[in-house]
Amino acid sequence: MTNSSWDLLYTVISFFLFFYIMSKLYQFFRSRRYQLPAEDLKKGHWWTMVEVFTEPTFCNYSGNQINDGACCDCCGIIVADNFICNADAAIPCKQLSRSYPSCHTTLPVASHPSTASTTDTNITPPTTEHHWIIGNVPADLKCTVCNVLIGSSDKLCHFKCCWCKRAVHMLCKKLSSNTCDMGHMKDWVVPPHCIELKINRVKGRRRLIVQSVEKPSNVTLDRWKPLLVLANRKSGNGDASLLLSKFRGFLNLIQVVDLHDSSPTSALEWCRLLPNVTWRVLVAGGDGTVAWVLSAFDELAHQRIPQLCVVPLGTGNDLSRVLGWGTGHSGDFDVECMLQKISTANVIRLDRWRLDIVPKMSFNLGFTNKRLIINNYMSIGVDAQVALNFHHHREMRPIFFRNRFINKLWYFTYGTKDVLDRECKDLDKKLKLIIEDKIVDLPSIEGIVVLNISSWGGGCRPWGEAGANIPESKHDDKLFEVFALYSSFHIAQLRVGLAEPLRLGQVSSLKIMLFESAPMQADGEPWVQGPSNIQVSFYNQAHVLANSLDASQCVSQ
Ligand SMILES: [Zn+2]
Ligand SMILES: [Zn+2]
Ligand SMILES: [Zn+2]
Ligand SMILES: [Zn+2]
C-alpha cells in the first residue's frame, strides 16, 4: 500500500468515527429531554423517543409527515421533536380525573385543531367521553360506525380513542356515540369520571392527590377488578420501563406507578379509597421487588388486600417460577395477553415466615435485633457466601452486572470459585440447629437452607418430588423444608440433579444458635451475621395469583 492509500484509509476511518460519536451524542441529548421528573404537574404528555417510524407517520401538531419523533405513552399522540413543548401546551393528554382534565395545572388552552376531545371541562360528566386522537390509526382497524377497514391515508386523518382503542373514519365520527365504555379494558381501568383529585401543598410544592374513587356504573361490582401496575423503570435492563410505557397506554395514569419515584406503600395509598372490590397488583421485577410490595400489603391493615401477580424481571425469579408467571421476561409485552392470564389465574395462599435475629450480648458491638419476612427462602453458609460475593462485586462494578444472562454467569463463577476456597468449611461447628426443641446432630456441612417454595437459587428444585421418603413440599401448608449443603460442589450437583440434599425435616419453626460470624441470606439479600440467636416462625399467608395460561393460549381481541 502506498502512503496516499494509508492516508485515504485514515481519513475514511476518522470520518466514520466522527459521525458515529456525533450520532451517539445526538441520541444522548435527545433522550435526556424525555427524562422528566414524574408527578411534575407542569408536564403535559409522557414522551417516549422513537428513533424511526416504520409506518408513514404524521405529526399531531404540525400535520407534516415525520421519520422520527416522540410518542406519548398515555394518549398516543406523535409529534416531531421540535413541537414537544407546543404539543404539551396545546394538546390535552388522557384525563386523569373528572376535576382535572389532564396532568396540566392550568386548563389546556382552547381545543387544538389536531385533537378532538369532546370533553367540556365546566360540566362534571357522569361518564367519560371518547378521547379521540386524530391520525396514525392502524390501517387494519375497523371503523366502529361503518364496520369498514380504516385503511391507509397520506395525511393526518381518522380517529382512535385512547381509552377504548376504537377507531372511526373522519366522516363517521359524528355518527359515533360520545360515551366511552372503556371497551375491553372496562374491567381493569378506573375511568377518569370515577376519580376526584385535589391539589395538596407539601413543602411549597404542589402535588396531586386522589380524594375519592367510585365504581363505574357500566360494570358490575363482581367484574370490576382494577389493576395497579408497579415497576422500577431502572430495573430489568429497560424492560420495566417498556412495561410501564405500555400500561400507561391502557390504564389510567394513577394505576401505573414507577417504584423509582415512590415506594409501594405510597403507591398503594390511593387504593384505600377504592370501593369494596377485588383489586389486583401487577409487580414487574425480581423477587426482592415482590417481597417489598408484599410488605406494603401488610400495612393495608383492615383494608381489602389485593391479589398479586408477577412479571419476572429479576435474576432468580424463584417465586415467579412457582406461581407460573415464567422464568424471566425480555422483549416486548403483550398487554392483552397478560390481562387474559391475570383474569384466568387462580388465587392461592403463600406462607410467609418471620426471621428474628437477636445478637449475642457478649459480642454485641452495636448490632441490633433484626426482623425480616421471608417469602422464598433463607440460608446460612455456603449458598449465602456465593450470593454475598456476587453482591459485593455488583456493588463495586455495577456496569458488569446489567444483563440477566451475564449475572447468571457471574453467579456460576462465584460458585465455582468457592469450590476451591471453601469459605464456610465446618459450619456445623459454628452453630447449633434446634428443630422442635431438639438439637440436630449435624455431619460436616457448609450450609443450611430453609425453603418455603419449591424453587431455589434461580430455578433449582432441591427438595425433589414427593415419594416414600420425601414429604410433599407445598407453599400453603404452614410448614417449611430444611436441608443442609455439604459444599459448593454439592450445590452444583443439586442444580443438575446429580445429588440429593441432606433433608433435615419439614417443620413450622426452627432455632439456630450461631457462635461465630457466618454469611446469611433471606430472599436473595445477603449479609454477614455476627454471633446471634436466630428463629424462624410463621408470619402470615399472602393471597397471590397463580397463572396456568400459556402465551400461545391467549386469544387476540
Ligand atoms: Zn399524552
Ligand atoms: Zn373510547
Ligand atoms: Zn367509518
Ligand atoms: Zn410449605
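How are the donor residues of the zinc ion (ligand 2) spaced in sequence? They follow H-x30-C-x2-C-x15-C. His130 in that set is in the loop between α2 (84-90) and β6, and Cys180 is in the loop between β8 and β9, 50 residues away, so this pair links distant parts of the chain; helices and strands here are DSSP runs, helices being H or I of at least four residues and strands E of at least two, numbered from the N terminus.

Before going on, the conventions. This is a predicted model, in which local features need pLDDT of at least 70 and side-chain atom pairs count only at pLDDT 80 or more, while totals for chains, interfaces and linings use all residues. Residues are numbered from 1 along each chain as its sequence is written, chains are lettered from A and ligands numbered from 1 in the order in which they are written, and side-chain values use heavy atoms, with hydrogens and water left out.

Back to the zinc ion (ligand 2). Its coordinating atoms are His130 (ND1), Cys161 (SG), Cys164 (SG) and Cys180 (SG), at 2.2 to 2.3 Å. A donor is an N, O or S atom within 2.8 Å of the metal, or 3.2 Å for Na, K and Ca; water is not among the atoms, so sites may look incomplete. The four donor atoms subtend angles of 103 to 117°, which makes the arrangement tetrahedral. For that label, four donors need all angles between 85 and 135 degrees. His130 is buried at 4% relative accessibility, and Cys180 is buried at 5%. Buried means under 20% relative accessible area, exposed over 50%, and partly exposed in between, with a 1.4 Å probe and protein chains only.

Next, the zinc ion (ligand 3). Cys143 (SG), Cys146 (SG), His169 (ND1) and Cys172 (SG) coordinate this ion at 2.2 to 2.3 Å. The site is tetrahedral, with angles of 94 to 118° among the four donor atoms. Along the chain the spacing is C-x2-C-x22-H-x2-C. Cys143 sits in the loop between β6 (132-134) and β7 (159-161), and Cys172 in the loop between β8 (167-168) and β9 (195-202), so the pair ties together parts 29 residues apart in sequence. Cys143 is buried at 1% relative accessibility, and Cys172 is buried at 11%.

Lys474 is partly exposed, at 38% relative accessible area, and Asp477 is partly exposed at 24%.

Now the helix contact. The axes of α3 (residues 239-250) and α7 (residues 335-344) come within 11 Å and cross at roughly 80°. These axes are lines fitted to C-alpha atoms, for helices over the stretch in contact, with angles running from 0 to 180 degrees between N-to-C directions. The two helices are therefore roughly perpendicular to each other, a label that covers 65 to 115 degrees. On α3 the contacting residues are Leu243, Lys246, Phe247 and Phe250, and they meet Val335, Glu336, Met338 and Leu339 in α7; contact means heavy atoms within 4.5 Å.

Is α7 enclosed or open? Eight of its 10 residues are buried, so α7 is largely enclosed by the rest of the structure. Among the buried ones are Cys337, Gln340, Lys341 and Ile342. What covers them includes β11 (227-231), α3, β13 (280-285), β14 (307-312) and β26 (532-546).

Lys142 is in the loop between β6 and β7 and is partly exposed, at 48% relative accessibility. Its C-alpha is 9.0 Å from that of His169, 27 residues apart in sequence. Leaving aside neighbours within four places in sequence, Lys142 contacts Asn147, Val148, Leu149, Ile150 and Ala167.

Gly326 lies in the loop between α6 (318-322) and α7, and counts as partly exposed at 27% relative accessibility. With neighbours within four places in sequence left aside, Gly326 contacts Pro312, Asn317, Ser320 and Arg321.

For the chain overall, there are 10 helices and 26 strands, and buried residues make up 48% of the 557 residues.

Methods. Tetrahedral: all angles 85-135°; square planar, octahedral: opposite > 155°, others 65-115°. Parallel < 35°, antiparallel > 145°, perpendicular 65-115°, else oblique.
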